[in-house]
Amino acid sequence: MIIRFFDQGDGSGAAAVDYLLAAEVRAYDNARHPIPGQTRHRAILPEVMGGDPERTRSLIDACPRKWRYTSGVIAFAASDTPDEAEQAEVRAGFEAAAFAGLAPDQRDILWVRHRHQGNVELHFLIPRTELHRGRAFNPAPPGAERYFNAFRDYWNARKGWADPSDPARRRDLRPVVEQGERGAIRTAIHALMIERIEAGEIRDHAGIRAALAGLGDAGLEIKPPRETRRKSTRQKRPATRVTLRRIGSTDTRETYRLEDRIFHEDWTAEEYFSGKAARAAGECRKAAPPEHVEELRLKLEAAIARRAASNRARYGGRVRKSADAVEVARLTAAFTARNGALQDPLVPVPILKLDDVPEASPPKSPEPRPELPWERAAPRRPVRRWKPRAPLPRSPEPEEPLPDGRADPTRKRAAALRRELAEHVERRRRRHGAIGTLAQDCERRSGALRELADLFGRGTVARLGRGAAAIAELAQKVVARLTGRPGPQGTQRRRGFSPW
């Protein structure tokens, strides 16, 4: 038994569901390339084993993201004959692994069984949407191959099904599917490698590369690896292919990627001969020892627990239902208790009489759940509010009352005028101080521009120098008006301008 995920996932739900259920589909060659104008009839029609095709189609079409669904297959070898109960066990186990940590109403999956190829294939189609909040959900993210391999190894060891890692079933060379000259060249390379392995001339990957390097007479050479400037601190994985190309060619159509097992960097000739002996004797692994099955089970359960914790942290608990949803659930429970369970969850609930519905129990307060990281409110920054300026100090001169205790109106008016004059003087002093600071800053900047103009002498900097001269003249006028001294060209200060 093997598990494979397909590359498709950005199309419509109708196309994906119709392909699984169609009785006649497009024909493909051995290289999985579609044959134009030809179709293939499925002798045994597909069977829906779980889920609702219409609901799955609607959920996929309603997804607003680019990747809408994940599809794949659990395929059994022709020698394996799982019965209905075993197939149901595998489907339930796969759902527990793929949807770990999610409630049954948080996800959707469609199961369709194909048997027209002579073996049992359980195809699955999963909308990539978490149904409570509508978030994106990917059951097979990048790097999930090891996770589902643990699921595959456990069931193969438990049931004794065909294991792709069994040496008796491993293929050192895959069948050549290319046609024409490319297919003939690849077939000749395979035959040459097997001949030299059988003769003992090749014992490991270094011998494979040496044999391929000797194909220069045939016009082929090993393509050098791409140079990268970035240095990685990760441990380097063994290479899984060797690439040949026409000597001196850079065209990808003249490139041959050799990705069979014998071209892997960790391959040895002992692996080839042991597999050949096992295939000759017909020794295929059956049910594994109980202790090995238990070890694989514990490994799988630990992986499922880690994924469940991750999914619970990402998607949280269930969404709190509204009062209308609670009432609908109560009516549905009453109908189910009286007439039995509904055959299809999409069938609307019949209208009930209020006399037949029991009184609703008081709602229970929901248990508080821990606050999730993304639900925490961000700390609010303090708002800087405008503060009014403090009033200017009043005149320290006290008001002297008259001998009879009454205030003199003249003195009172004079004190008010003195306070008003003091406030006016303070405002003028502050304004002139700001103007003086600006004038000094302009003078400093004009000096820097003059030095830059003297350094270069002409061009753009010379124009800047002329601008600096104008700024300096303006600064001198401002300073002269503030200090009372005559400015440039004998300019007198204006009469009545206070020299604060």
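These legends walk through a few close-up views of a predicted model.

**View 1. Three strands make an open, antiparallel sheet.**
Follow the strands across the sheet and you meet them in the order E8-E9-E10. Strand E8 (220-222) and strand E10 (255-258) stand at the edges with a single partner strand each, so one side of each has no neighbour in the sheet. On average, neighbouring strands here are turned by 25° against each other, direction ignored. As a reminder, strands of a sheet pair through backbone hydrogen bonds, either parallel or antiparallel.

**View 2. Strand E9 meets strand E10.**
Here we look at the pairing of E9 (residues 242-246) with E10, where 4 bridges join the two antiparallel strands. A handy place to start is Val 242, whose bridge partner in E10 is Leu 258.

**View 3. Helices H5 and H6 accompany the sheet.**
Helix H5 (residues 180-198) packs on the sheet and touches E8, E9 and E10. The direction of H5 makes about 40° with that of E10. Helix H6 (residues 205-213) also lies across E8, E9 and E10, and H6 runs at about 5° to E9.

**View 4. Arg 55 forms salt bridges with Asp 52 and Asp 108.**
In the pair with Asp 52, the closest N and O atoms are 3.9 Å apart; in the pair with Asp 108, they are 3.1 Å apart. Asp 108 sits in the loop between helix H3 (84-98) and strand E6 (110-114), while Arg 55 belongs to helix H2 (residues 53-61), so this pair ties together parts that are 53 residues apart in sequence. How exposed is Arg 55? With 27% relative accessibility, Arg 55 counts as partly exposed. Asp 52 is buried, at a relative accessible area of 15%, and Asp 108 is buried too, at 6%.

**View 5. Arg 113 and Glu 84 join in a salt bridge.**
The N to O distance in this pair is 2.9 Å. Is Arg 113 buried or exposed? At 4% relative accessibility, Arg 113 counts as buried, whereas Glu 84 is partly exposed, with a relative accessible area of 46%.

**View 6. A network of salt bridges takes in Glu 47, Glu 84, Arg 113 and Arg 115.**
Over the whole structure, a search finds 25 salt bridges. In general, side chains of opposite charge can pair when their charged atoms come close.

Notes. Residues are numbered from 1 along each chain as its sequence is written. This is a predicted model: local features need pLDDT of at least 70, side-chain atom pairs count only at pLDDT 80 or more; totals for chains, interfaces and linings use all residues. Side-chain values use heavy atoms; hydrogens and water are left out. Two strands pair if DSSP finds at least two bridges between them. Axes are lines fitted to C-alpha atoms, for helices over the stretch in contact, and angles run from 0 to 180 degrees between N-to-C directions. Contact means heavy atoms within 4.5 Å. A salt bridge is a side-chain nitrogen of Lys or Arg within 4 Å of a carboxyl oxygen of Asp or Glu. Buried means under 20% relative accessible area, exposed over 50%, partly exposed in between (1.4 Å probe, protein chains only).
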